[in-house]
Amino acid sequence: MQIDNLTIERLFGIAPVVAANITFQNLSLLSITSTYDFGDISGRVNGYVKGMRITNWKADRLNAYIESVKTKGVKQSISQRAIDNISSIGGIQGALSRSFLRFFDAFRYKRLGIGCKLRNSICEMKGLDTTAEKYQIVSGKGLPSINIFGYSKFIDWQVLLDRLFNANY
């Protein structure tokens with residue numbers, strides 16, 4: 001992980017501001033997802049957070065994206081719980097529990113990617129393949145194949161954060 005252009009203003013004053021650009025490579029998704037009760041996702045990811053600005057300890061601007069990287073010898077799988085939680089972030093509840101897929105514990109994926117461009121408290125979402133109508137978050141692999149799409153391209157930042165924090169409950 002690399003942090004560039006870090007600036008801090010009024011750290012102990014009124015409305016402190018922290019700004020930076022962050023890039024990361026080859027992070028273990030399993031290490032990240034197993035830390036929280038979100039569901040397990042294995043694989044490696046690269047990503048960035050560009051133009052991040054945090055004012056008074058709340059993010060008010062950023063352009064972030066994370067995408068899986070195929071790595072030899074590293075399994076790429078996603079648990080049913082993680083799929084349900086990713087789906088709930090997009091506003092869909094219990095996507096798998098209503099189908100025969102509820103009998104599978106985990107699914108393989110080919111690619112995974114999600115991003116957010118935050119401006120004026122609105123997050124413009126993007127994924128692997130983004131069109132005017134939708135963005136793909138997970139591209140499945142094998143049988144059964146799971147593909148996850150988001151259809152709300154613009155989400156209120158606080159609503160997105162609430163969905164992330166409440167995903168595992």
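This is a predicted model: local features need pLDDT of at least 70, side-chain atom pairs count only at pLDDT 80 or more; totals for chains, interfaces and linings use all residues.
**Entry on Thr33.** The relative accessible area of Thr33 is 7%, and the cut-off for buried is under 20%, so Thr33 counts as buried. I then listed its contacts, leaving out neighbours within four places in sequence, and got Phe38, Gly39, Asp40 and Ile41.

**Entry on H3.** I moved to helix H3, residues 157-166, and asked which of its residues are buried. They are Trp157, Leu160 and Leu161. Viewed down the axis of H3, these buried residues fall within an arc of 100°, so they line one face of the helix. The general rule I keep in mind is that an α-helix has 3.6 residues a turn, so residues three or four places apart point the same way. At the start of H3, I found a side-chain oxygen of Asp156 within 3.0 Å of the backbone nitrogen of Gln158.

I looked up which residues make the nonpolar surface patch of about 710 Å². The list is Ile3, Leu6, Ile8, Leu11, Phe12 and Trp57. I took Ile8 from this list and placed it in strand S1, residues 2-9. With a relative accessible area of 47%, Ile8 is partly exposed. Patch members need over 30%, and the 47% of Ile8 is therefore enough on that count.

Technical notes:
Residues are numbered from 1 along each chain as its sequence is written. Side-chain values use heavy atoms; hydrogens and water are left out. Patches are made of residues with over 30% relative accessible area and no salt bridge: like charges are joined within 9 Å, nonpolar side chains (Val, Leu, Ile, Met, Phe, Trp, Tyr) within 5 Å. Accessible areas come from the Shrake-Rupley method with a 1.4 Å probe; for residues, only the protein chains shown count as cover. A salt bridge is a side-chain nitrogen of Lys or Arg within 4 Å of a carboxyl oxygen of Asp or Glu. Helices (H or I, at least four residues) and strands (E, at least two) are DSSP runs, numbered from the N terminus. Buried means under 20% relative accessible area, exposed over 50%, partly exposed in between (1.4 Å probe, protein chains only). The arc is that of the directions from the helix axis to the C-beta atoms. A polar contact is a pair of N or O atoms within 3.5 Å; within protein, one must be able to donate a hydrogen and the other to accept it, and residues adjacent in sequence count only if both atoms are side-chain atoms. Contact means heavy atoms within 4.5 Å.
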